[in-house]
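Look over the sequence and the structure first, then read the points below.

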Amino acid sequence: MARPKVPLISRRKVLETALAIVDDEGLDALSIRRLGEALNVNGASLYHHFRNKDEILDGVTQLALESVDFPLPDESSWRVWLPLTAYRTRAALVAHPGLIPVMLRRASRGIGTPEAEQCVARLQREGVSPGVIAPLIESLELLAVTSALQEVGAKAMGETDAAKSGLAAARGARGVSPGELFEVMVSSTISLVESAITLKESREALERAPSGRIRR
């Protein structure tokens, strides 16, 4: 479909409206027709800024992640700004849970690639071992997604629990919130990734070492 020569509405306005639809009505409710109706324009007008619905979804997800800095320029250590990046990613997904399925596919769709490149470059400048960088970034992002799902799911289940059920009582007596658990898991994940890399390097060093007894 040909794009109009003159845009009838800004790209930002389209994305903000699309995000509101996803938040209020769910991801499946978003369509070119529904978006056009919400903006009071013909759906064809949207093709001035976007080629298709997938491109709109990519833009909406990027918009939702605007509050996430990659990396935070005012923090001196990656052990400070990298966890903060994970916290903010999680917060964005809790605020916009309808976008979690898109977030799971964001690497293949190129969403956030420039920001991720900045993150990698900063880690490299800070002297983080090359073998640690990808596992760290991937693990913390996956943790942010799963923790967001946990919080959103816990809220939904809490609303449907029978008042006197054992499960409802257990949730009511929860000793740690999903957010508190996430903070502990972020710290643990960083340590575990570093330990796993160190262990692998030690094993490889032993395998490369010459065998046999040392003669005196």
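Helix α4 (residues 78-95) packs against helix α10 (residues 178-208) at an angle of about 135 degrees, and their axes lie 11 Å apart. That angle makes α4 oblique to α10. The model is predicted. The mean pLDDT of the protein chain is 85.

**α4 and α10**
- The crossing of α4 past α10 is right-handed.
- On the α4 side, the contact residues are W78, R79, P83, A86, Y87 and R90.
- They meet P178, G179, F182, E183, V186, I190 and E194 in α10.
- By class, this contact of α4 with α10 has 8 nonpolar, 1 polar and 4 charged residues.

**The aromatic pair**
- The structure holds 1 aromatic pair.
- Y87 and F182 form this pair, with an edge-to-face geometry.
- The ring centres of Y87 and F182 are 5.6 Å apart, with 70 degrees between the planes.
- The pair links distant parts of the chain: Y87 sits in helix α4 and F182 in helix α10, 95 residues apart.

**α4 and α7**
- Helix α7 (residues 113-125) also packs with α4: the axes come within 11 Å and cross at roughly 160 degrees.
- An angle over 145 degrees counts as roughly antiparallel, so α4 is roughly antiparallel to α7.
- α4 passes α7 in a left-handed crossing.
- W78, W81 and L82 of α4 meet C119, R122 and L123 of α7.
- The contact of α4 with α7 divides into 5 nonpolar residues, no polar ones and 1 charged.

**α1 and α2**
- The axes of helix α1 (residues 11-25) and helix α2 (residues 32-39) come within 10 Å and cross at roughly 110 degrees.
- That makes α1 roughly perpendicular to α2.
- The crossing of α1 and α2 is right-handed.
- From α1, the contact takes in K13, V14, T17, A18, I21 and E25.
- From α2, it takes in R34, L35, A38 and L39.
- By class, the contact of α1 with α2 has 6 nonpolar, 1 polar and 3 charged residues.

**Confidence**
- In the protein chain, 86% of residues reach a pLDDT of 70 or more.
- Among the elements, helix α1 has the highest mean pLDDT, 95.
- Helix α9 (residues 166-172) has the lowest, 73.
- Where pLDDT is low, the predicted coordinates should not be read in detail.

Technical notes. Residues numbered from 1 in each chain as written. Predicted model: local features only at pLDDT ≥ 70, side-chain atom pairs only at ≥ 80, totals over all residues. Heavy atoms only, no water. pLDDT = per-residue confidence, 0-100. Helix = DSSP H or I, 4+ residues; strand = E, 2+ residues; numbered from the N terminus. Axes fitted to C-alpha atoms, helices over the stretch in contact; angles between N-to-C directions. Parallel < 35°, antiparallel > 145°, perpendicular 65-115°, else oblique. Left-handed = near helix turned anticlockwise from the far one by under 90°. Contact = heavy atoms within 4.5 Å. Nonpolar A, V, L, I, M, F, W, Y, C, P; charged D, E, K, R; others polar. Phe/Tyr/Trp six-rings, centres within 6.5 Å; stacked < 30°, edge-to-face > 60°.
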